[in-house]
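Please go through the sequence and the coordinates below with the following paragraphs at hand.

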Amino acid sequence: MSLMKPDLQMDESFYKIEEIRTLTGNAFSVKLPKVRFAFKAGQHISLGIVGGNQSREYSIYSGENDENLEVLVKEVENGYFTPQLRKLKAGRMVEVHGPFGKFGMEPEAAKSGKFVFIASGTGIAPFRSIVRTYPEIDYQLIHGVRYAEEAYDSHEYDSSRYILCTSREKKGAYHGRLTGYLKTCAFAPETHFDLCGNSSMIFDALEILREKGFDRDQIHCEVYF
Amino acid sequence: MKYHLITLGCQMNIADSERVSSVLEGMGYEKTDNEEDASLLGILACSVRQKPIDKVYNKIAQWNRWKNKRNLITFVSGCLLPADKEKFLKTFDLIFPMSELGQLPDMIREYGVVTPAGLKLPQPVMPKNEHIVSMWHIKPKYHSTYEAFVPIQNGCDKFCTFCAVPYTRGREVSRPSGEIIEEIQNLVHQGYKSITLLGQNVNSYGLDKHGREITFAGLLRQIGDFGNTSAHEFWVYFTSPHPQDMNREVIEVIASFDCLAKQIHLPMQSGDEKVLIKMNRRHSMDKYRRIVADIRELIPQATLFTDIIVGFTGEGEAEYQNTVKAFEEFKFNMAYIAMYSPRPGAASFRWEDEVSSEVKKDRLRSLSEVLKVCSHDYNESLLGNTLRVLVNGTDRKTGLSTGLTEGKIIVRLDRHDDTLMGKIVNVKITSASFLSMSGEVVHGK
């Protein structure tokens with residue numbers, strides 16, 4: 001028996017889009033009714049277009065207590081899935097499975113730990129979810145993008161905790177790749193590092209952090225494909 | 001009224017096929033190995049690689065040609081990707097997920113009735129796996145009298161980039177522990193000697209229940225407790241675990257109970273940190289190393305098996321050499337080494353398959369050589385020892401009986417003796433070679 005309101009979905013895994021929120025020329029968020037969808041900040045979902053035969057995984061962009069379930073999507077030029085997703089209008093159905101994964105932290109750790117979040121592009125999604133879920137968390141968010149407009153919803157973060165690294169223009173706090181910034185940083189030995197983004201950023205950041213003497217167990221990775 | 005069933009792929013499909021047989025034979029069908037004698041033809045498909053899927057396409061084309069001459073019903077189930085499923089809808093008469101196996105008799109009886117609703121309703125991309133529990137209620141018709149596979153978990157939430165299983169099997173669902181224990185007890189009472197717990201992520205058992213079911217370690221402990229009270233000798237294995245959910249407690253439990261086989265299959269996939277990240281394996285080499293250290297400390301006699309993919313996208317020579325080093329470090333007794341092939345539905349299918357097939361073949365060959373050295377060293381260390389061996393077959397070349405040690409090392413016996421089939425006997429190891437040993441049967445326990 002379906003536990004959801006009938007006007008929201010035909011099947012427990014089908015959700016009606018509430019809004020496609022444009023963030024930049026090629027990035028947007030998909031807002032869905034949260035209903036009873038319980039998740040832990042940092043987890044991801046599998047998203048499919050109803051009637052299609054493919055799905056993709058996206059980190060959840062909204063906080064655990066937000067009204068909506070939201071994911072952040074970058075449209076892949078000439079891609080198969082994301083251009084179709086972007087064209088969907090409010091009211092159309094998508095298929096949601098999950099939540100999946102163990103990225104993120106336990107509530108107790110969020111209260112007492114010291115975190116450095118390292119994200120490239122839309123890899124910021126799980127960190128927005130974490131910061132919205134744990135507003136008191138002690139964090140620093142290093143966000144690497146090409147252009148400053150890709151600093152998705154950056155006004156939501158405490159400006160002293162958010163470092164924007166822009167590689168193609170001099171508009172961020174640091175001009176250059178985030179890995180360049182990372183090399184200049186000193187971190188407390190007990191810091192936990194959470195990395196999310198494309199695999200080449202993760203490889204490079206991992207190597208820099210290992211060179212700085214951090215243990216592999218202090219570094220958690222979520223790769224975007 | 002005969003049926004013919006083709007089972008492709010892994011042990012999960014083999015276990016599923018035992019339940020399919022049970023359902024069909026309950027309807028009055030009789031199994032035949034000759035497909036030309038059957039009026040019901042079925043396939044349990046595997047989507048892990050392209051080759052088995054090609055086989056399904058070839059088979060159904062042949063079966064559909066036969067329909068010009070006689071009445072046939074064809075069905076397909078198992079691991080199916082949405083795109084293949086769509087094509088199979090046009091070629092097979094029946095297509096169903098294993099979670100709906102219980103409805104197969106009705107489907108066969110009502111074959112030919114097509115409801116418009118069934119054609120119009122959108123189907124989820126990811127299969128609904130919650131109903132798999134009812135499939136487990138079907139008593140299987142075991143293919144062997146001494147070796148059985150017991151599914152304890154189904155589905156996968158891990159999303160490794162090379163694999164499409166999350167899209168073919170659906171989410172991780174654990175079978176109730178009471179049912180598992182009951183099935184194992186029945187098997188042991190019937191004299192089964194080798195029981196393998198099955199799951200796509202077998203050691204993620206219970207995690208989907210969020211505290212409402214025992215953990216994998218807890219399940220092994222219950223099986224171990226039963227083993228301690230049983231007069232029968234049996235070995236319980238499990239496959240495949242994921243390193244992410246493997247912990248010291250599981251290894252401690254295996255070390256504590258005689259019936260829990262001292263053989264651990266721990267897929268590594270690659271020995272390179274970066275390739276593991278690209279594969280989205282969600283475990284580091286440090287984590288893998290710690291698990292192996294725990295195994296060596298707590299169960300020094302355990303054999304260690306693994307799965308490896310060579311030639312994955314991003315695996316250059318340096319990355320491959322890290323896998324070679326890992327082989328030398330962990331000294332696997334057996335490794336199932338596969339050359340990477342992009343699978344539709346998996347995330348890596350969208351990437352360039354950049355390692356040439358020649359390089360993949362070279363890596364497969366050279367890694368197999370490293371494996372041979374490691375396994376030979378281990379086997380040689382057993383020379384002169386008397387081991388318990390489960391006799392399970394006959395060597396094709398020599399005609400001599402063969403068996404497996406508790407650690408699943410192949411042993412060729414000094415004789416052919418059908419009366420030993422399915423029994424655990426003492427064998428004194430007299431010679432060792434790559435991946436196998438020879439020995440003479442010693443009487444008395």
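Of the 225 residues of chain A, 55% count as buried, where buried means under 20% relative accessible area, exposed over 50% and partly exposed in between, with a 1.4 Å probe and protein chains only. The model is a predicted one, in which local features need pLDDT of at least 70, side-chain atom pairs count only at pLDDT 80 or more, and totals for chains, interfaces and linings use all residues. Residues are numbered from 1 along each chain as its sequence is written, chains are lettered from A and ligands numbered from 1 in the order in which they are written, and side-chain values use heavy atoms, with hydrogens and water left out.

Chain A has five helices and 13 strands; these are DSSP runs, helices being H or I with at least four residues and strands E with at least two, numbered from the N terminus. Its C-alpha trace spans about 55 × 40 × 30 Å along the principal axes. A compact globule of 225 residues would have a radius of gyration near 17 Å, and the 18 Å of chain A agrees with that. The radius is taken over C-alpha atoms, and the globule rule is 2.2 Å times the number of residues to the power 0.38. Among contacts in chain A with a separation of 6 or more, 62% come from residues 24 or more positions apart, a contact being heavy atoms within 4.5 Å. The accessible surface of the chain comes to about 10,200 Å², and carbon and sulfur atoms hold 46% of that surface. Areas come from the Shrake-Rupley method with a 1.4 Å probe, and for residues only the protein chains shown count as cover.

Next come the aromatic rings. A pair of aromatic rings is described by the distance of the centres and the angle of the planes. Rings of Phe, Tyr and Trp (its six-membered ring) pair if their centres lie within 6.5 Å; planes under 30 degrees apart count as stacked, over 60 as edge-to-face and the rest as tilted. Over all chains, a search of the whole structure finds 27 aromatic pairs. In one of them, the rings of A:Y174 and A:Y181 have centres 5.4 Å apart and planes at 65°, so this pair is edge-to-face. A:Y174 is partly exposed at 23% relative accessibility, whereas A:Y181 is buried at 17%.

The rings of A:F193 and A:F214 also form a pair, with centres 4.7 Å apart and planes at 65°, so it is edge-to-face. This pair links distant parts of the chain, 21 residues apart: A:F193 is in strand β12 (residues 192-198), and A:F214 is in the loop between α5 (199-211) and β13 (219-224) of chain A. Both A:F193 and A:F214 are buried. Elsewhere, ring pairs join A:F103, A:F115, A:F117, A:F127 and A:Y139 into a cluster.

Charges over rings occur in both chains. The criterion is NZ of Lys or CZ of Arg within 6 Å of the ring centre and within 35 degrees of the ring normal. The charged end of A:R128 sits over the ring of A:Y61, 4.1 Å from its centre. In chain B, B:K278 lies over the face of B:W351, at 4.8 Å from the ring centre.

The backbone has some details to look at. A cis peptide bond with omega about 5° joins A:G98 and A:P99, and A:P99 is in strand β7 (residues 93-100) of chain A. Another cis peptide bond joins B:T239 and B:S240, with omega about -10°. B:S240 is in the loop between β10 (235-239) and α10 (248-256) of chain B.

Where in chain B is B:N280 placed? B:N280 is in the loop between α11 (273-278) and α12 (285-298). The phi of B:N280 is near 55°, a positive value in a residue other than glycine, and B:N280 is buried at 5% relative accessible area. B:K408 has a phi near 65°, likewise positive in a residue other than glycine. B:K408 lies in the loop between β15 (401-405) and β16 (410-412) of chain B and is partly exposed at 22%.

An α-helix has 3.6 residues a turn, so residues three or four places apart point the same way. The buried residues of α14(B) include B:R363, B:L367, B:V370, B:L371 and B:C374. Cover for the buried residues of this helix includes α13 (317-330), β13 (334-339) and β17 (424-433) of chain B. B:K372 is also in helix α14 of chain B, but is partly exposed, with a relative accessible area of 27%.
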